[in-house]
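Thank you for sending the model for comment. My notes follow as numbered points, to be read with the structure open alongside.

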Amino acid sequence: MRVELRKAANIANVSDDAERLMERVRARDSVAFEQLYDEHHRIVWSIAMRVLGEREAAEDVTQAVFMKLWNAPERFVGGNFVGWLARVARNRALDALRSRSLRSTEELPAALPEEERLEDLAFARLDAGQVRRALAALPPEQRSAIELGFFGGLTHEAIAARTGDPLGTVKTRIRSGLRKLRTALDGKIER
Amino acid sequence: MSGHEAFLDDAAALALGALSPAEAQRVRAHLATCEECRAEYAALAPLVAAIATPEADLAPPSPFLRERIMAQIAPGAKVRSLPRSTRAPAWPLYLVAAASFVAALISTFNLAATRENMSQMKTQVVALQQRVESLTHSLQSAQMAAIDLTSADATRMPVHHGEIVMRHGRMYLAMHDMPMPPHGHVYQAWVMPRGAKKIEPSATFMPDRDGVAVVPIAEHNAGSMTEVAVSVEPVGGSKQPTTKPMFVASLE
């Protein structure tokens with residue numbers, strides 16, 4: 001019950017912050033847009049750098065993501081703003097990989113849905129240090145599979161081909177790692 | 001592993017974005033009919049925000065990236081949002097870089113300009129053009145502005161809360177210790193072109209948390225400006241100043 005109450009409070013806070021700012025962005029409020037940029041550009045930048053590996057391309061992706069946010073704010077339908085932004089950033093970075101002809105469309109995984117509302121907002125309130133420690137606590141093979149899938153833009157089959165592990169093992173590592181991460185972060189929220 | 005356990009694993013891979021488009025479609029079709037897998041997906045999908053948490057030692061992007069993005073949404077963005085290829089010739093380093101790419105292209109064509117290779121070469125040209133644009137972007141914002149702002153031969157004019165920096169036709173406002181404007185307001189720069197009858201709107205901007213703002217004002221025609229001013233205006237900017245400017249600097 002305590003966890004649920006805490007989560008509910010966090011959800012309300014994040015929802016208020018992001019949705020209020022996004023509502024102002026929809027009304028063409030550039031100050032709200034600047035605040036969103038200042039608070040959230042690092043996660044976009046981080047994803048773009050991890051996926052693309054070079055600053056110029058990552059800056060282009062970061063710029064494209066925030067211009068999309070400004071030009072089409074209605075694409076955010078509410079919920080976990082950071083999660084939505086991370087999906088948009090990852091999709092845009094994979095688009096950049098395609099346009100550079102480094103990988104074919106068939107080799108890259110499906111885009112993460114951007115129109116989907118992610119209801120779990122509590123993670124957005126966690127301190128980045130707590131999240132990093134939770135990630136670092138994962139078994140290396142699970143963390144590696146998750147990072148190859150998210151930042152490497154690899155399907156689970158491609159991960160299996162790269163690591164030499166059976167496909168079923170890779171699938172299980174991804175799910176086990178995500179569940180451990182979920183449990184670890186739930187514990188942080190409770191405190 | 002049971003058949004359904006495999007679907008739960010697939011739901012996790014879908015949440016991570018690690019399925020091919022065809023697999024994603026297949027798993028989504030299953031989620032539509034399976035509450036347990038749908039719940040697993042819903043529990044794990046928000047974790048992308050945690051996975052994407054920046055590493056502590058990640059170097060930040062260029063501070064000029066922020067200026068570039070904000071310039072694109074500013075009221076005067078018509079000038080600033082021209083396609084990169086039309087803005088680029090103002091920058092000498094760009095020309096050097098572009099010339100290198102063109103030389104590389106010519107060399108490549110000389111080596112293998114056979115008919116069957118033309119299609120592939122065209123693809124390479126497009127890729128290289130995109131690379132040139134990307135390079136232009138970076139050179140323009142980061143290198144040139146950084147050089148201009150720190151150059152000993154730049155002309156500097158102290159103003160309230162900062163200085164006007166001019167070099168080779170380019171002009172910037174380099175501001176510090178600026179207070180945040182009232183809620184719903186921004187700072188707006190103004191310029192008076194030589195021969196104009198009234199002051200013209202330029203970029204709107206906000207200082208960062210430390211009160212610092214670097215604002216590009218002119219890309220090539222700083223010499224044609226006779227005055228620069230800054231005032232506080234409503235969000236979105238104004239066509240004419242609506243408050244007393246915090247400073248009006250004569251460049252003559």
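**Notes on the predicted model**

1. I begin with a helix pair in chain A. On the H2(A) side, A:Phe33, A:Leu36, A:Tyr37, A:His41, A:Val44, A:Trp45, A:Ala48, A:Met49 and A:Leu52 meet a set in H3(A) made up of A:Ala57, A:Ala58, A:Val61, A:Thr62, A:Val65, A:Phe66, A:Leu69 and A:Trp70. Please keep in mind throughout that this is a predicted model.

2. The geometry of that pair deserves a careful look. Two packed helices are described by the angle between their axes and the distance between the axes. For H2(A) and H3(A) the angle is about 140°, and the axes lie 8 Å apart. Angles over 145 degrees would count as roughly antiparallel, and H2(A) and H3(A) are therefore oblique to each other. The crossing in which H2(A) passes H3(A) is right-handed.

3. Helix H3 of chain A covers residues 55-71, and its 17 residues reach 24 Å from the first C-alpha to the last, which is close to the 24 Å expected at 1.5 Å a residue. The buried residues in H3(A) are A:Ala57, A:Ala58, A:Glu59, A:Asp60, A:Val61, A:Thr62, A:Gln63, A:Val65, A:Phe66 and A:Leu69.

4. Which residues have the most contacts inside the largest nonpolar core? They are A:Ala48 and A:Ala89, in a core of 108 residues. Helix H2 of chain A (residues 30-52) provides the largest share of this core, namely 11 residues. If neighbours within four places in sequence are left aside, A:Ala89 is in contact with A:Val44, A:Ile47, A:Ala48, A:Val61 and A:Val65. Among these partners, A:Val44 and A:Ala48 belong to the H2(A) side of the helix pair described above, and A:Val61 and A:Val65 to the H3(A) side. As general background, nonpolar side chains tend to be buried together in soluble globular proteins.

5. Taken as a whole, the secondary structure of chain A comes to 8 helices and 0 strands, and its elements, read from the N terminus, run α-α-α-α-α-α-α-α. Of its 191 residues, 43% count as buried. When contacts in chain A between residues at least 6 apart in sequence are considered, 71% of them join residues at least 24 apart.

6. The contact between the chains takes 56 residues from chain A and 48 residues from chain B. On the side of chain A that touches chain B, the elements giving two or more residues are H2, H3, helix H4 (81-99), helix H5 (128-136), helix H6 (140-150) and helix H8 (167-190) of chain A. The largest share of that side, 11 residues, comes from H2(A).

7. Chain B has 9 helices and 8 strands. Buried residues make up 34% of its 252 residues, and among contacts in chain B with a separation of 6 or more, residues 24 or more positions apart account for 60%.

8. Two helix features of chain B are worth checking on screen. Helix H1 (residues 3-16) and helix H2 (residues 21-31) of chain B pack at an angle of about 120°, with their axes 10 Å apart, and the crossing of H1(B) and H2(B) is left-handed. Their contact is made by B:Phe7, B:Asp10, B:Ala11 and B:Leu14 of H1(B), together with B:Ala24, B:Val27, B:His30 and B:Leu31 of H2(B). Helix H5 of chain B (residues 63-73) is mostly covered, since 9 of its 11 residues are buried; among them are B:Arg66, B:Glu67 and B:Arg68.

9. Apart from neighbours within four places in sequence, B:Met166 is in contact with B:Ala154, B:Thr155, B:Met171 and B:Ala222. The C-alpha atoms of B:Met166 and B:Ala218, although 52 residues apart along the chain, are separated by 8.9 Å.

10. Finally, I would draw attention to two backbone positions. B:His168, in the loop between strand E2 (162-167) and strand E3 (170-175) of chain B, has a phi near 50°, a positive value in a residue other than glycine; with 17 C-beta neighbours inside 10 Å, B:His168 counts as partly exposed. B:Asp177, in the loop between E3 and strand E4 (185-193) of chain B, has a positive phi near 55°, and B:Asp177 is exposed, with 11 other C-beta atoms within 10 Å.

Definitions and conventions. Residues numbered from 1 in each chain as written. Chains lettered and ligands numbered in written order. Predicted model: local features only at pLDDT ≥ 70, side-chain atom pairs only at ≥ 80, totals over all residues. Core = buried A, V, L, I, M, F, W, Y, C linked by C-beta atoms within 7 Å. Buried ≥ 20, exposed ≤ 12 C-beta atoms within 10 Å, placed from the backbone. Helix = DSSP H or I, 4+ residues; strand = E, 2+ residues; numbered from the N terminus. Contact = placed C-beta atoms within 7 Å. Expected span 1.5 Å × (residues − 1). Axes fitted to C-alpha atoms, helices over the stretch in contact; angles between N-to-C directions. Parallel < 35°, antiparallel > 145°, perpendicular 65-115°, else oblique. Left-handed = near helix turned anticlockwise from the far one by under 90°.
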